[in-house]
Amino acid sequence: METGGRSEMEITPSEFLHRHIQLLKTNRELLVTHIRNTQCLVDNLLQNDYFSAEDAEIVGACPTQPDKVRKVLDLVQSKGEEVSEFFLYVLQKLADAYVDLRPWLSEIGFSPSELIRSKAVVNTDPVSQYIQQLRHQLGRNSKFIQCYSQKEEVLLEDMYMDTIVELVGFGNESLGSLDSPACLLDHNTGVLNEQGETIFVFGDAGVGKSMLLQRLQSLWATGHLDAKLKFFFHFRCRMFSCFKDSDVLSLQDLLFKHYCYPEQDPEEVFAFLLRFPHAALFTFDGLDELHSDFDLSRAPDTSSPWEPAHPLVLLANLLSGVLLKGATKLLTARTGVEIPRQLLRKKVLLRGFSPSHLRAYTRRMFPDRAVQRSLLEQLEANPQLCSLCTVPLFCWIVFRCFQHFHGAFDGSARLPGCTVTLTDIFLLVTEVHLNRTQPSSLVQQNTRSQAETFRTGQGTLHWLGWVAHWGMERNLFVFSQEEVQASEMQEGDLQLGLLRAVPELGVEGDPLSYEFFHITVQAFFAAFFLVVDEKVGTRELLRFFQEWAPPGEAAVVSCPRRFFPFQCLGDGGLAGEDPFKNKDHFQFTNLFLCGLLSKAKQRLLQHLVPAATLRRKRRALWAHLSASLRSYLKNLPRVQSGGFSQVQAMPTFIWMLRCIYETQSEEVGRLAARGICANYLKLTYCNACSADCSALAFVLHHFRQRLALDLDNNNLNDYGVRELRPCFSRLTVIRLSVNHITDSGVKVLYEELTKYKILTYLGLYNNQITDVGAGYIARILDECKGLTHLKLGKNEITSEGGKCLALAVKNSKSISEIGMWGNHIGDEGAKAFAEALTNHPSLTNLSLAFNGISTEGGKSLARALQQNASLRIFWLTKNELDDEVAESLAEMLQVNQTLKHLWLIQNQITAKGIARLAEALQKNTGIMEICLNGNLIKPEEAQAFEGEKRLVCF
């Protein structure tokens with residue numbers, strides 16, 4: 001048996017005229033072994049008149065696949081050199097169909113003649129046909145975005161806008177941003193666990209997770225995604241909740257019967273997928289919309305792709321890699337949902353629109369430049385709306401409402417001038433949908449008031465509310481046709497688009513299912529039902545607020561459960577875990593309940609529910625809000641530090657503030673402020689956005705004492721800083737590190753903080769502050785005479801900003817700690833700080849690490865320290881300091897006896913410079929350590945300094 005081939009260069013002259021026939025003869029057994037599809041070969045030979053119909057019948061009559069290959073080879077060789085060459089050309093051209101022959105074709109160096117290249121090759125391979133079938137289906141499904149009204153579709157290409165996409169670690173710490181959706185699939189970027197199989201994409205409701213997947217579908221369908229990905233399967237997680245407990249499926253049935261069925265030979269397609277799982281991409285959208293009893297970590301294993309299992313078991317085993325190991329899996333969920341670490345390959349956080357994204361989206365939505373300017377000006381003047389627009393879904397809603405106003409008020413394009421809450425926006429959305437049942441001219445002229453619109457649509461609103469609340473009680477987001485019919489909802493109500501059909505869900509042949517077009521819409525109507533239904537008592541009204549009670553004190557709320565073969569995610573959880581985790585639908589229901597029961601909405605709702613009922617429910621709600629906040633803070637662990645009573649609040653606290661803000665009641669705000677029993681609020685890593693700053697300020701401006709506020713590691717940006725304006729008169733400590741704040745936000749800080757001059761601590765580490773912002777911070781330092789701590793590391797400050805800050809430091813009599821790590825002040829900035837250090841009375845800690853400081857700057861700093869008695873800790877890590885600087889520092893150490901810690905890690909100091917420092921230490925009794933790790937010294941050279949324990953070389 002011949003097992004190897006020869007290249008065309010090795011063929012002798014006598015063989016040259018029949019080289020392709022010879023290749024087929026020499027490699028006959030290899031071809032018989034690896035050709036699995038003869039039909040595609042026969043189809044091409046027939047189309048180009050190399051085979052007759054009789055030849056095709058002869059091949060088809062062979063009993064086994066190897067026999068068919070042998071017969072094809074016999075016929076091809078008998079027909080001559082041209083047919084043999086065309087046969088090889090088909091194998092090369094249809095690489096996916098004959099994937100096992102790729103190495104061999106490359107080895108023999110086959111190159112077809114011009115005559116053969118002119119021949120048409122058709123691909124009738126079942127796998128290739130299925131790939132094209134998938135591309136067609138995904139291309140069709142992803143081409144249009146269905147607007148929330150369900151009566152309008154727009155091209156994805158016209159409306160899609162990238163958002164801030166950030167790689168994060170296991171603890172959600174930032175690992176950098178991604179430039180495009182396709183970068184999600186990069187196997188070398190952001191990998192947390194090489195053994196993990198799942199790319200986990202998460203973000204707040206409405207931030208664009210589903211839209212991102214639709215964009216990936218479109219890119220793949222048009223051939224603009226990784227060419228190695230041959231298959232793309234997209235599932236919505238809520239689909240798996242539609243299967244009955246007794247339903248079992250094989251993996252093949254799940255992929256083919258419930259997604260896309262191959263038109264030819266499904267067995268061959270599935271076999272190819274099993275052989276090459278790395279060629280498949282799976283996307284699963286909305287893990288949070290799956291029933292809450294589902295636990296990925298406790299699903300039974302099923303390693304056989306043919307063995308029937310419950311669809312949830314198949315999902316869990318796909319994500320873990322037990323099934324189709326090596327396939328790319330992308331899973332989305334709302335913020336707060338976590339999956340087992342062993343499943344994670346990478347974590348990706350969607351943060352929504354940046355200011356530049358918002359401007360670009362405005363241009364997309366409003367081509368008219370005058371309208372663009374009008375909208376952006378109004379958003380700039382209304383921080384609450386502007387912050388809502390950082391979330392793409394809410395931005396879409398706000399812009400649609402703007403379009404409604406623009407058309408309704410003779411093109412004046414005016415948004416309401418008063419404070420607009422999320423409840424206002426959803427009331428406008430509901431009004432627009434209800435008005436769609438009227439003639440278009442009536443909608444355009446806005447002839448009906450909002451109250452009249454709601455009164456007329458009372459029946460529709462009641463049934464929508466009933467369905468939404470019924471589902472919310474049961475953690476259901478997809479409703480069967482029977483469940484919808486039980487609400488007595490009319491066909492016309494479904495046509496509004498608020499509740500839409502989901503034809504692809506459920507077992508094949510089942511009736512349509514229904515869902516609200518977004519989870520927040522279901523939450524809004526559930527709250528609406530609680531407000532307008534007279535039968536709802538106080539206990540039921542406040543039912544979803546049970547999540548706010550401290551752990552162990554909440555009353556058990558018995559919600560009906562659908563059975564699934566998995567235990568609840570909460571079982572076995574850690575004591576003290578945030579009870580609000582993965583329950584955003586309840587949170588939004590509470591939020592809308594607060595908005596609908598505000599006094600401002602009484603006039604709107606008085607035609608739907610008696611005024612006395614509204615007052616009773618409002619009183620119960622307001623009392624519960626203030627009591628809940630007081631109880632929550634009282635039960636948090638407390639730390640006494642620096643004269644402050646400090647508490648670390650959790651995201652639950654942010655939701656409490658949001659609800660209080662939604663009431664727009666100063667009375668509720670005052671009651672809540674009285675319940676704050678600490679004067680240092682630590683709200684780090686709470687997923688707070690700029691809108692939450694408005695809610696925070698709404699309460700804190702009623703707080704009568706001075707306050708420390710730590711908002712590090714959130715997503716506040718410049719809008720959030722503006723929304724904090726009402727409470728700056730109370731704040732002595734402000735920490736806003738890692739919050740995407742630019743010079744614009746720093747300007748607001750300058751304008752506000754210099755009014756009150758009570759600031760003692762300002763933290764702005766890892767933002768986007770340039771020299772312009774540094775100028776504003778210098779002015780803050782000049783005017784706030786009590787400022788002692790200033791953290792500005794990892795920004796974009798250069799020598800100009802450094803000089804400005806250094807001058808302010810020089811003039812300050814209070815500053816004790818400055819952090820400038822990771823900027824770019826260079827030697828010129830270092831010289832300015834050297835001047836500030838000279839005879840400074842109060843500065844004790846200074847970090848100029850990683851600032852591009854070299855010899856001249858280092859020597860200036862060393863000379864300045866000879867005339868400084870205040871500095872205790874000096875960080876100069878990761879600069880370009882050499883032996884000359886070490887010499888100057890050695891001279892300084894002979895004079896300065898007050899410096900305690902000097903960090904020179906990762907510079908360019910050699911053993912010569914370290915020797916000079918060691919000599920200087922003989923005359924210095926004050927310094928405790930000089931850290932020199934990562935300099936240009938070898939281990940054997942470091943041995944000379946082992947006797948001086950204050951020198952740390954390794």
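Analyst: Helix axes here are lines fitted to C-alpha atoms over the stretch in contact, and angles between them run from 0 to 180 degrees. The model is predicted.

User: At what angle do the axes of α26 and α28 cross?
Analyst: Helix α26 covers residues 519–532, and α28 covers residues 584–596. Their axes come within 8 Å. The crossing angle is roughly 50°.

User: Is the crossing of α26 and α28 left-handed or right-handed?
Analyst: Handedness describes how α26 passes α28. The crossing is right-handed.

User: How many residues of the α26 and α28 contact are charged?
Analyst: From α26, the contact includes Ile-519, Phe-524, Phe-528 and Val-531. From α28, it includes His-585, Phe-588, Phe-592 and Leu-596. The contact divides into twelve nonpolar and three polar residues. The charged count is none.

User: How are α23 and α26 oriented to each other?
Analyst: Helix α23 spans residues 458–473. It packs on α26 at about 110°, with the axes 7 Å apart. An angle of 65 to 115 degrees counts as roughly perpendicular. α23 and α26 are therefore roughly perpendicular.

User: How many nonpolar residues does the α23 and α26 contact have?
Analyst: Leu-461, Trp-466 and Met-472 are among the α23 residues in the contact. Phe-525, Phe-528 and Phe-529 are among those of α26. By class, there are five polar and no charged residues. The nonpolar count is eleven.

User: Which strands stand at the edges of the open sheet?
Analyst: Seven strands run in the order β4-β3-β9-β5-β8-β7-β6, with mixed pairing. Each edge strand has a single partner, so one side of each is left without a neighbour in the sheet. The edge strands are β4 (174–177) and β6 (231–236).

User: What is the average twist of the sheet from one strand to the next?
Analyst: The sheet is open and has seven strands. Its average twist per strand step is 25°.

User: Which residue of β4 stands opposite Val-168?
Analyst: β3 (residues 164–168) and β4 pair antiparallel over three bridges. Leu-167 stands opposite Gly-176 in β4. Val-168 faces Ser-174.

User: Which residue in the turn of the β3 and β4 hairpin has a positive phi?
Analyst: Five residues lie between the two strands. One in the turn has a phi of about 70°. That residue is Asn-172.

User: How do α37 and α38 run relative to each other?
Analyst: The axes of α37 (residues 799–811) and α38 (residues 826–837) come within 8 Å. They cross at roughly 0°. Angles under 35 degrees count as roughly parallel. α37 to α38 is therefore roughly parallel.

User: How many charged residues does the α37 and α38 contact have?
Analyst: Lys-803 and Lys-810 are among the contact residues of α37. Glu-828 and Glu-835 are among those of α38. The contact has six nonpolar and three polar residues. The charged count is four.

Key. Residues are numbered from 1 along each chain as its sequence is written. This is a predicted model: local features need pLDDT of at least 70, side-chain atom pairs count only at pLDDT 80 or more; totals for chains, interfaces and linings use all residues. Side-chain values use heavy atoms; hydrogens and water are left out. Helices (H or I, at least four residues) and strands (E, at least two) are DSSP runs, numbered from the N terminus. A crossing is left-handed if the near helix is turned anticlockwise from the far one by less than a right angle, and right-handed if clockwise. Contact means heavy atoms within 4.5 Å. Ala, Val, Leu, Ile, Met, Phe, Trp, Tyr, Cys and Pro count as nonpolar, Asp, Glu, Lys and Arg as charged, and the others, Gly among them, as polar. Two strands pair if DSSP finds at least two bridges between them. Angles under 35 degrees count as roughly parallel, over 145 as roughly antiparallel, 65 to 115 as roughly perpendicular and the rest as oblique.
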